[in-house]
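Let's take a look at the pockets and packed cores of this protein. Here are its sequence and structure.

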Amino acid sequence: MPVIALYLCSHTVMSSLGMAQDCFRMANQQAGKTLFHLMKVSADGLPVTLQDAQLKVDGDLDSALNADLVLIPAIGSQINTVISQNTTLLTWLATHRQKQLASVCSAAFLLAAAGVLNGYKATTH
């Protein structure tokens with residue numbers, strides 16, 4: 001069963017996180033069995049405080065090493081601030097660029113800042 005690690009930081013857009021979770025959970029529901037296992041990770045394994053919520057996580061970035069996909073939900077529009085506040089993630093992404101990585105919307109800028117998109121075409125909206 002594929003494991004999907006969702007990376008959370010203080011700038012994670014809750015609707016983007018919810019959309020990603022809903023897609024995989026609905027696939028599980030429609031199949032009548034668990035096709036995907038979801039886990040939430042943060043840089044340090046501590047809960048993540050967002051503007052309107054505090055979210056528990058299942059571990060730190062290294063706990064995502066066994067994930068089949070690391071997915072970063074949207075991070076909003078303060079791109080430079082988010083990049084500067086997520087250096088642990090950027091280093092991890094650069095070190096583990098061989099992993100299957102994906103982003104939603106503005107989180108593509110984190111992949112780009114880590115250099116994992118160098119030499120590839122990428123798009124976001």
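## The second largest pocket

Helix α3 makes the biggest contribution to the lining of the second largest pocket, giving 3 residues. Helices (H or I, at least four residues) and strands (E, at least two) are DSSP runs, numbered from the N terminus. A pocket is an open set of points on a 1 Å grid over the protein atoms alone, where a 1.4 Å probe fits, with protein on both sides within 12 Å along at least five of seven lines; lining residues have an atom within 4 Å of a point.

This pocket holds about 180 Å³ of space. A volume here is the space filled by probe spheres set on the grid points, which are joined across faces, edges and corners. Of its 17 lining residues, Tyr7, Cys9, Ser10, Ala43 and Asn86 are the closest to the centre. By class, the lining has 8 nonpolar, 8 polar and 1 charged residues. For the classes, Ala, Val, Leu, Ile, Met, Phe, Trp, Tyr, Cys and Pro count as nonpolar, Asp, Glu, Lys and Arg as charged, and the others, Gly among them, as polar.

## Where the model comes from

This is a predicted model: local features need pLDDT of at least 70, side-chain atom pairs count only at pLDDT 80 or more, and totals for chains, interfaces and linings use all residues. Residues are numbered from 1 along each chain as its sequence is written, and side-chain values use heavy atoms, with hydrogens and water left out.

## The largest pocket and Leu101

The largest pocket has a volume of about 230 Å³. Both β7 and α4 (108-113) give two or more residues to its lining. The lining counts 7 nonpolar, 2 polar and 2 charged residues, and Leu101 is one of them.

Leu101 sits in strand β7 (residues 101-103). Beyond its neighbours within four places in sequence, Leu101 is in contact (heavy atoms within 4.5 Å) with Leu69, Val70, Leu93, His96, Leu111 and Val116.

## Two nonpolar cores

A nonpolar core is a set of buried Ala, Val, Leu, Ile, Met, Phe, Trp, Tyr and Cys residues joined through side-chain atoms within 4.5 Å. Buried means under 20% relative accessible area, with a 1.4 Å probe and protein chains only; exposed is over 50%, and partly exposed is in between. The largest core has 23 residues, and Ile72 is one of those that touch the most other members. Helix α3 supplies the largest share of this core, 4 residues.

A second, separate core has 14 residues, including Ile4 and Val57.
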